[in-house]
Amino acid sequence: KIEGNAMAAALQYNRTIGQAGILNFWSQVLEEMQPHPGPERQTIVTTGAEFGSYLTLNALIDEGDSVLIANPVYPPMLLKSGAMNANVVSVLEDPVVGGLCPRQLRATLENWPVSRRKPK
């Protein structure tokens, strides 16, 4: 149960990357689950899936990159990818395995146009 000062702090606007206590907690959980050698990584707590998706795409995709997206897709992913001038290629989702259909993924990559950079 959250009460007192913790409740007051939780109900306030915070830094863009999230409330310090929550960030520290999740950083520790992630480090215990998967230790990360090398440069320090940063954890960001977002207010929703769309903002998190935007931050992820912004960090990983450069203008003109090709992006493979599962079909069906969460519609805002198409808007964000298009806004970044990415070449969006849909690949059917495998309902049994989950994720991209391996056969269609292989066919898509084997027939990839030589003039385009392959997806990251």
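This briefing covers the fold, the strand pair, the nonpolar core and selected residues of one protein model.

The model is predicted: local features need pLDDT of at least 70, side-chain atom pairs count only at pLDDT 80 or more, and totals for chains, interfaces and linings use all residues. Residues are numbered from 1 along each chain as its sequence is written, and side-chain values use heavy atoms, with hydrogens and water left out. The protein has five helices and two strands, where helices (H or I, at least four residues) and strands (E, at least two) are DSSP runs numbered from the N terminus. The order of these elements from the N terminus is α-α-α-β-α-β-α. The radius of gyration is 19 Å, well over the 14 Å that the globule rule gives for 120 residues, so the protein is more spread out than a compact globule. That radius is taken over C-alpha atoms, and the globule rule is 2.2 Å times the number of residues to the power 0.38.

**Overall dimensions and burial**

- Taken along the principal axes, the C-alpha atoms fill a box of roughly 60 × 35 × 30 Å.
- Of the 120 residues, 20% are buried; buried means under 20% relative accessible area, exposed over 50%, and partly exposed in between (1.4 Å probe, protein chains only).
- Among contacts with a separation of 6 or more, 33% come from residues 24 or more positions apart; contact means heavy atoms within 4.5 Å.

**Strands β1 and β2**

- β1 and β2 run parallel and are joined by six bridges; two strands pair if DSSP finds at least two bridges between them.
- In this pairing, S66 stands opposite N87 in β2.
- In a regular strand the side chains alternate between the two faces of the sheet.
- In β2 (residues 87–92), N87, V89 and V91 form the covered face, while V88, S90 and L92 form the uncovered one.
- A70 belongs to strand β1 and, leaving aside neighbours within four places in sequence, is in contact with V91, E93 and L100.
- A70 and D94 are 24 residues apart in sequence, with their C-alpha atoms 9.1 Å apart in space.
- T108, in helix α5 (residues 102–110), is buried at a relative accessible area of 16%.
- Beyond its neighbours within four places in sequence, T108 is in contact with L68, V89 and V91.

- The largest nonpolar core has six residues: L57, I61, V67, I69, M84 and A86.
- Such a core is a set of buried Ala, Val, Leu, Ile, Met, Phe, Trp, Tyr and Cys residues joined through side-chain atoms within 4.5 Å.
- Not counting residues up to four places away in sequence, L57 touches M77, K80, S81 and M84.
- K80 is in helix α4 and is buried, with a relative accessible area of 15%.
- With residues up to four places away in sequence not counted, K80 touches E50, S53, Y54 and L57.
- K80 and P39 are 41 residues apart in sequence and 28 Å apart in space, C-alpha to C-alpha.

**Loops on either side of β1**

- D65 lies in the loop between α3 (49–60) and β1 (66–71) and is buried at 6% relative accessible area.
- The D65 side chain reaches the backbone nitrogen of D62 at 2.7 Å.
- This is a polar contact, a pair of N or O atoms within 3.5 Å; within protein, one must be able to donate a hydrogen and the other to accept it, and residues adjacent in sequence count only if both atoms are side-chain atoms.
- Neighbours within four places in sequence aside, D65 is in contact with L60, A86, N87, R117 and K120.
- G64 is also found in the loop between α3 and β1 and is partly exposed, with a relative accessible area of 37%.
- Contacts of G64, leaving aside neighbours within four places in sequence, are with M84, N85 and R117.
- G64 and P75 are 11 residues apart in sequence and 20 Å apart in space, C-alpha to C-alpha.
- The peptide bond from N71 to P72 is cis, with omega near 15 degrees, and P72 is found in the loop between β1 and α4 (75–83).

**Aromatic pair**

- Rings of Phe, Tyr and Trp (its six-membered ring) pair if their centres lie within 6.5 Å; planes under 30 degrees apart count as stacked, over 60 as edge-to-face and the rest as tilted.
- By this rule there is one aromatic pair.
- The ring centres of F25 and W26 are 5.1 Å apart and the planes are at 75 degrees, so the pair is edge-to-face.
- F25 is partly exposed at 45% relative accessibility, and W26 is partly exposed at a relative accessible area of 42%.
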